[in-house]
Amino acid sequence: MQSTMDRQADQQDDQRRDDQPNGLHVAIIMDGNGRWATRRGLPRSAGHRAGVQTVRKVVEAAPDLGVATLTLFAFSSDNWRRPQAEVSALMALLRHYLRAELARLVDGGARLTVIGRRDRLPEGLSVEIAGAERASAHGSRLHLRVALDYSARDAIAAAAARWRAEHPPTREAFAQLLASQRGGGDVDLLIRSGGEKRLSDFLLWESAYAEFCFVDTLWPDFGPDDLAAAIADFRGRERRFGGLAPIAPLEAAE
Ligand code: FPP
C-alpha cells in the first residue's frame with residue numbers, strides 16, 4: 001500500500017510536470033572563458049568579455065526556443081578565491097552588462113533578477129542590480145536570472161534558517177521557501193559548457209530532476225545553435241521522475 005509520504009511525493013511529481021506551462025527552465029554553467037583566452041594568448045578577462053557576447057546571443061535566442069526561465073551562473077561564492085584582478089574584472093564586467101544591456105533586455109521583454117548574496121558585492125553594484133530588477137520587472141517573455149556570489153549550499157542553509165514552523169517542512173513548502181527570494185523553481189535542463197562534468201554548487205535542490213547536458217565547447221564559442229541542440233536533445237528524453245515508463249500494450253496475437 002502506498003504510504004502518505006509516497007502519495008505526497010507522487011502529487012508533488014505530478015505538479016512538477018505542470019510547473020512550467022509557459023516554457024522550460026534552463027540553467028547554464030558558463031565554463032571555459034579562461035581557457036578560451038589563454039589559448040589565444042589573451043588575459044583571462046578577455047575570455048570573460050567574450051563570454052558576455054555569448055550571454056547576449058543566448059538570452060536573445062532563448063524565448064524562441066521555448067525557454068521561459070534562464071538561470072546563468074555568473075559568479076560562484078567560491079570564485080572569490082580567484083586572483084583579485086580577475087574578481088575585479090568580472091565585477092566590472094557585470095556592472096557594465098547591467099548598464100549596457102538593460103534597455104535591450106526591457107525591449108526584448110526580459111525580466112532580470114539576480115540570485116545570491118549581495119552584501120559582499122563591490123560598493124554600488126547591489127543598488128544597480130535593484131534598479132535593473134525594478135526597471136525590467138514587467139518583462140514576461142523571459143525570466144533571466146543571474147547567479148552572483150551564489151552557492152546552492154548556502155541558499156539551502158539560509159532557507160532552512162528561515163524555517164520557523166514547528167513541523168518539518170514538506171518538500172513543497174521547503175521548495176517555496178527556497179524560491180521565495182527570486183525563485184525560479186525546478187530546473188528542466190542544466191547545461192555546462194567547457195568540458196567539465198560537475199555541478200559546482202549550482203542549484204542543487206532545484207536540479208533534483210533536471211536533465212544534464214555537458215558540452216566540450218568553451219563558453220565564448222557557445223551559441224544559439226548549441227542551445228537549440230541541447231534543447232532538442234532534452235525534448236527527446238523521457239522524464240520519469242522516479243516513476244516507470246508507460247508500457248506499450250502487447251500487440252494482439254495474430
Ligand atoms: C567560468 O569560466 C566562468 C566564470 C567564472 C564567469 C562567467 C561570467 C561571464 C560569462 C560573464 C558575465 C556574465 C553575465 C551574466 C553578464 P572560467 O573562467 O572558470 O574558465 P576556465 O575553466 O577555462 O578557466
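**Briefing on a predicted protein–ligand model**

The points below are grouped by topic.

**Overall fold**

- Among contacts in the protein chain with a separation of 6 or more, 76% are between residues 24 or more positions apart.

**Surroundings of the ligand**

- The ligand is surrounded by 20 residues, and the closest are G34, R35, G51, A74 and Y97.
- Two or more residues of this shell come from each of the elements α2 (33–39), α3 (44–61), β2 (67–76) and α4 (84–107).
- By residue type, the shell consists of eleven nonpolar, seven polar and two charged residues.

**Nonpolar core**

- The largest nonpolar core contains 53 residues.
- Within this core, the residues with the most contacts are V26, F73, L144, A147, L148 and L189.
- Apart from its neighbours within four places in sequence, F73 is in contact with I28, I29, M30, A147, Y150 and F202.

**Strand β5 and its partners**

- Strand β5 (189–192) runs parallel to β1 (residues 24–29), and four bridges join the two.
- In this pairing, A27 stands opposite L190 of β5.
- Strand β5 is also joined by four bridges to β6, again in a parallel arrangement.
- Here R192 stands opposite F214 of β6.
- In a regular strand, side chains alternate between the two faces of the sheet.
- In β5, L189 and I191 point one way while L190 and R192 point the other way, and all of them are buried.

**Residues with a positive phi**

- Most residues other than glycine have a negative phi.
- D201 is not a glycine, yet its phi is positive, at about 65°.
- The position of D201 is in the loop between β5 (189–192) and β6 (211–214).
- F241, likewise a residue other than glycine, has a positive phi near 50°.
- F241 is found in the segment after α8 (224–235).
- Why is F241 classed as partly exposed? It has 13 other C-beta atoms within 10 Å, whereas an exposed residue has 12 or fewer and a buried one has 20 or more.

Notes:
Residues are numbered from 1 along each chain as its sequence is written. This is a predicted model: local features need pLDDT of at least 70, side-chain atom pairs count only at pLDDT 80 or more; totals for chains, interfaces and linings use all residues. A residue is near a molecule or strand if its C-beta atom, placed from the backbone, lies within 6 Å of it. Ala, Val, Leu, Ile, Met, Phe, Trp, Tyr, Cys and Pro count as nonpolar, Asp, Glu, Lys and Arg as charged, and the others, Gly among them, as polar. Two residues are in contact if their C-beta atoms, placed from the backbone, lie within 7 Å. A nonpolar core is a set of buried Ala, Val, Leu, Ile, Met, Phe, Trp, Tyr and Cys residues joined through C-beta atoms within 7 Å. Two strands pair if DSSP finds at least two bridges between them.
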